[in-house]
Amino acid sequence: MAIFEGSGVAIVTPFKDTENQEINYEVLEELIEFQIANGTDSIIIAGTTGEASTLTDEEQLHLIRFTVEKVNGRVPVIGGAGSNDTRHGVGLTRAVEATGVDAILSVTPYYNKTSQKGLIEHYKAIANSVKVPIVLYNVPGRTGQNITPESLVELAKIDNIVSLKDATGNFSQAVDNLSLLGDRLDIYSGNDDTIIPLMSLGAKGVISVLANIAPKATSEMTHAFLDGDIKKAAAMQAEYKELIDCLFVEPNPIPVKAGMQLLGFNVGPLRLPLTDADQAVIDRLAAAMKKVGLI
C-alpha cells in the first residue's frame with residue numbers, strides 16, 4: 001500500500017521577519033490548509049524545500065510535530081530526518097518517528113561521500129532503528145552521490161524501506177530500477193519537470209516544489225495520469241513547464257518562496273546562506289504565474 005498516490009508537496013518553512021527568523025507557525029497553518037483544500041495528497045515537511053539544513057534539531061522536531069497535529073490524519077505527513085552522520089541520522093529518525101509521522105524522508109549522506117556499501121549500511125542502520133516507513137531520497141545534484149539500482153535491490157529487502165524519491169533526472173536509471181525492482185519500492189518523482197514521464201515508468205506521483213504555488217494543478221495532473229487520462233496529464237505537464245523552469249532559475253527554495261509571496265502568503269525571508277530572489281527572477285516568475293492563471 002503506497003504512502004500516497006498523486007501529489008505530495010515539499011512544503012516551505014515560513015519564517016518571521018525578525019533578526020533570529022523564528023518559524024512562523026501561524027503562516028504554516030495557513031499553508032497546510034491551503035494545500036489540503038486544493039487536493040494535495042501528502043505533506044512533506046522539513047525537507048530541502050523546507051530549509052531543513054538551517055534548522056536545529058529542536059526546531060525541526062517542533063515543526064514536524066506541529067504539522068502532524070494540524071493535519072490531524074487528513075493526509076499522510078512525511079517528515080524529513082536525513083543526515084550525513086549516520087549516528088545523528090539514527091537519533092533524529094527515532095525522534096521524528098515519535099512525532100507521529102506516517103513516514104520518514106531520508107536523504108543520502110551529503111559531503112561525506114561514501115561507497116555504495118556505505119550507503120547500504122547507512123540506510124540499514126536508520127531503517128533498523130525505527131518501525132515507521134522510510135522514503136529514500138536520491139538527489140545526486142545536491143548530495144554528490146547516487147543510489148544505484150543494485151543498491152536499491154538490497155535496500156528494498158528491508159521491510160520498512162518502502163519508497164524512493166527519485167530526483168536524478170536519469171531515465172535510463174529509472175528503467176533499470178523498474179526492471180530490477182518491479183513493484184517492491186514505490187517511486188515518486190523528485191523533479192517537477194518529469195512528473196508524467198516518470199509516472200509512465202511506474203512512479204506513484206510526485207514530491208513537488210510546484211505544488212507549493214499550484215497545488216490544485218499538480219494534483220489534477222497526477223490524478224489525470226492515475227485515472228488513465230494520459231493526454232490531459234501530458235498536456236498539463238507541458239503547460240506548466242515554463243513555470244517549473246522559473247522555480248529553479250535560482251537554488252530551491254528561493255524562487256518558490258518568492259512565488260508564495262506573490263500569492264499573498266507571508267512566508268518571510270530565507271535563512272542564510274540562501275538569499276531573497278532577485279527582482280528579475282520575481283518578474284519572470286510573476287509572468288509565468290499569470291500565464292497559468294495563478295495570479
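**Entry 1: a pair inside H11**

I looked up Asp 245 and found its salt bridge with Lys 241, the closest N and O atoms being 2.9 Å apart. I count a salt bridge when a side-chain nitrogen of Lys or Arg is within 4 Å of a carboxyl oxygen of Asp or Glu. Both residues lie in helix H11 (residues 241-246), four residues apart, about one turn of the helix. Helices (H or I, at least four residues) and strands (E, at least two) are DSSP runs, numbered from the N terminus.

I then checked accessibility. Asp 245 is partly exposed at a relative accessible area of 29%, and Lys 241 is partly exposed at 34%. My cut-offs: buried is under 20% relative accessible area, exposed is over 50%, and partly exposed is in between (1.4 Å probe, protein chains only).

**Entry 2: what I am working from**

This is a predicted model, in which local features need pLDDT of at least 70, side-chain atom pairs count only at pLDDT 80 or more, and totals for chains, interfaces and linings use all residues. Residues are numbered from 1 along each chain as its sequence is written, and side-chain values use heavy atoms, with hydrogens and water left out.

**Entry 3: salt bridges of H2**

I noted nine salt bridges in the structure. Lys 70 pairs with Glu 29, with 3.9 Å between the closest N and O atoms. Lys 70 lies in helix H2 (residues 57-71) and Glu 29 in helix H1 (residues 25-37), so this pair ties together parts 41 residues apart in sequence. Lys 70 is partly exposed, with a relative accessible area of 31%. Glu 29 also counts as partly exposed, at 31%.

Next I took Glu 59, whose side chain meets that of Arg 271 in a salt bridge (2.8 Å, N to O). This pair links distant parts of the chain: Glu 59 is in helix H2, and Arg 271 is in the loop between helix H12 (254-262) and helix H13 (279-291), 212 residues apart. Is Arg 271 buried or exposed? Arg 271 is buried, at 9% relative accessible area. Glu 59 is partly exposed, at 21%.

**Entry 4: H2 itself**

H2 has 15 residues and spans 21 Å from first C-alpha to last. That is close to the expected 21 Å, the expected span being 1.5 Å times one less than the number of residues. Among its buried residues I listed Leu 61, Leu 63, Ile 64, Phe 66 and Val 68. What covers the buried residues of H2 includes H1, strand E2 (42-45), strand E3 (77-80) and helix H3 (86-97). I counted contact as heavy atoms within 4.5 Å. Just after H2, Asn 72 takes a positive phi of about 55 degrees.

**Entry 5: pockets**

I used a 1 Å grid over the protein atoms alone; a pocket is an open set of points where a 1.4 Å probe fits, with protein on both sides within 12 Å along at least five of seven lines, and lining residues have an atom within 4 Å of a point. Volume is the space filled by probe spheres set on the points.

The largest pocket has a volume of about 660 Å³. Its lining has 30 residues, and Thr 48, Ala 52, Ser 53, Val 107 and Tyr 110 lie nearest its centre. E4 gives the most to this lining, with three residues.

The second largest pocket has a volume of about 330 Å³. It is lined by 24 residues, with Tyr 137, Arg 142, Gly 190, Asn 191 and Phe 248 nearest its centre. H5 and H11 each give two or more residues to this lining.
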